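Biologist: I am new to this kind of model. Please show me how to read it.

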Amino acid sequence: MTRIIVITSGKGGVGKTTVTANLGMTLAKMGHRVALVDGDFGLRNLDLLLGLENRVIYTAVEVLAGECRLDQALVRDKRQPGLVLLPATQNRKAEMITPNHMKWMIGELAPQFDFVLIDSPAGIEMGFKNAIAAAQEALIVTTPEISAVRDADRVIGLLEASNISPARLIVNRLRPAMVEASEMMSVDDVSEILAVQLIGVVPEDERVITSTNRGEPLVLEHNSNSRAALAFNNIAHRLCGEKVPYLTLGVERDNLLTRLRKIFAK
């Protein structure tokens with residue numbers, strides 16, 4: 001059966017779209033049929049990270065308006081034939097999209113693919129509600145920052161209320177040196193606060209910025225020596241049920257936890 005997974009966080013800027021692009025590309029490299037759905041109507045970016053922006057003709061909005069067929073809106077990645085993108089729109093009002101629209105569209109799309117990954121917009125308003133409407137599972141992306149973790153905690157509660165399970169955690173942009181200096185939350189800190197299963201830790205890597213600007217996901221072959229690329233690859237394998245050891249990213253110490261417990265207890 002198709003696995004429909006929303007990639008979300010609550011906070012903007014934590015790397016949801018980067019995670020979506022790299023996981024989708026990795027799953028396709030593993031031989032799976034993968035559809036990536038840009039759920040950020042009005043501010044689409046997933047096409048840019050994949051380098052497919054010049055090939056977008058129709059979007060999800062034209063599909064819903066009956067102006068094109070669903071298959072006409074899908075943009076196929078020439079590097080990985082098993083990967084397609086359903087882009088969001090930039091030119092029409094996002095308010096016209098409802099959760100029922102998303103359920104119908106994902107329902108039509110899902111039978112053709114092994115994985116449908118939905119890139120959720122920031123916030124917990126209508127865009128978030130649309131993105132989770134058809135989802136069965138969730139990947140929660142957060143950076144090791146207090147504000148990001150608190151927003152992720154709020155999103156986890158909303159996912160539980162919507163019966164979306166399991167929800168798994170990805171800690172993104174970890175800086176081991178800052179963790180060791182007690183200047184950044186550790187993975188253990190974040191995991192203890194959010195109390196959801198950890199599925200991956202992605203270290204900070206400047207090549208993510210370069211790959212984004214080039215429209216080439218980091219997991220493509222010439223970036224294979226990147227630790228962040230290896231982390232994305234490991235997450236994809238864990239998502240498929242494989243037991244993969246976590247990268248050794250440095251000593252993790254308990255830090256900030258007393259303060260954070262007070263914040264989350266309020």
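Modeller: We will take helices, then a pocket, then salt bridges.

This is a predicted model: local features need pLDDT of at least 70, side-chain atom pairs count only at pLDDT 80 or more, and totals for chains, interfaces and linings use all residues. Residues are numbered from 1 along each chain as its sequence is written, and side-chain values use heavy atoms, with hydrogens and water left out.

Biologist: What span does helix 1 have, and what span should it have?

Modeller: Helices (H or I, at least four residues) and strands (E, at least two) are DSSP runs, numbered from the N terminus. The expected span is 1.5 Å times one less than the number of residues. Helix 1 has 14 residues and should span 20 Å. Its end C-alpha atoms are 20 Å apart, which agrees.

Biologist: Which residues of helix 7 are buried?

Modeller: They are Ala148, Val149, Ala152, Val155, Ile156 and Leu159. These residues cover an arc of only 120 degrees around the axis, so they sit on the same side of helix 7. The arc is that of the directions from the helix axis to the C-beta atoms. Helix 7 runs over residues 146–161 and reaches 23 Å from first C-alpha to last, close to the 22 Å expected. Just after helix 7, asparagine 163 takes a positive phi of about 60 degrees.

Biologist: What volume does the largest pocket have?

Modeller: The search uses a 1 Å grid over the protein atoms alone. A pocket is an open set of points where a 1.4 Å probe fits, with protein on both sides within 12 Å along at least five of seven lines. Lining residues have an atom within 4 Å of a point. Grid points are joined across faces, edges and corners, and a volume is the space filled by probe spheres set on the points. Here the largest pocket has a volume of about 480 Å³. Of its 29 lining residues, Gly13, Val14, Gly15, Lys16 and Thr18 are the closest to its centre.

Biologist: Which elements supply at least two residues of that lining?

Modeller: Helix 1, helix 2, strand 7, strand 8 and helix 10 each do. Isoleucine 209 is in helix 10. At 56% relative accessibility, isoleucine 209 counts as exposed.

Biologist: How many salt bridges does the structure hold?

Modeller: Side chains of opposite charge can pair when their charged atoms come close. A salt bridge is a side-chain nitrogen of Lys or Arg within 4 Å of a carboxyl oxygen of Asp or Glu. This structure holds nine. In one of them, arginine 79 pairs with aspartate 77, with the closest N and O atoms 2.6 Å apart. Arginine 79 is partly exposed, at 33%, whereas aspartate 77 is buried, at 2%.

Biologist: What does the salt bridge of arginine 175 and glutamate 204 tie together?

Modeller: The two side chains meet at 3.4 Å, N to O. Arginine 175 lies in the loop between strand 7 and helix 8, and glutamate 204 in the loop between strand 8 and helix 10, so the pair ties together parts that are 29 residues apart in sequence. Elsewhere, salt bridges that share partners join Arg3, Glu137 and Arg168 into one network.

Key
Buried < 20%, exposed > 50% of the residue type's maximum accessible area, 1.4 Å probe, protein only.
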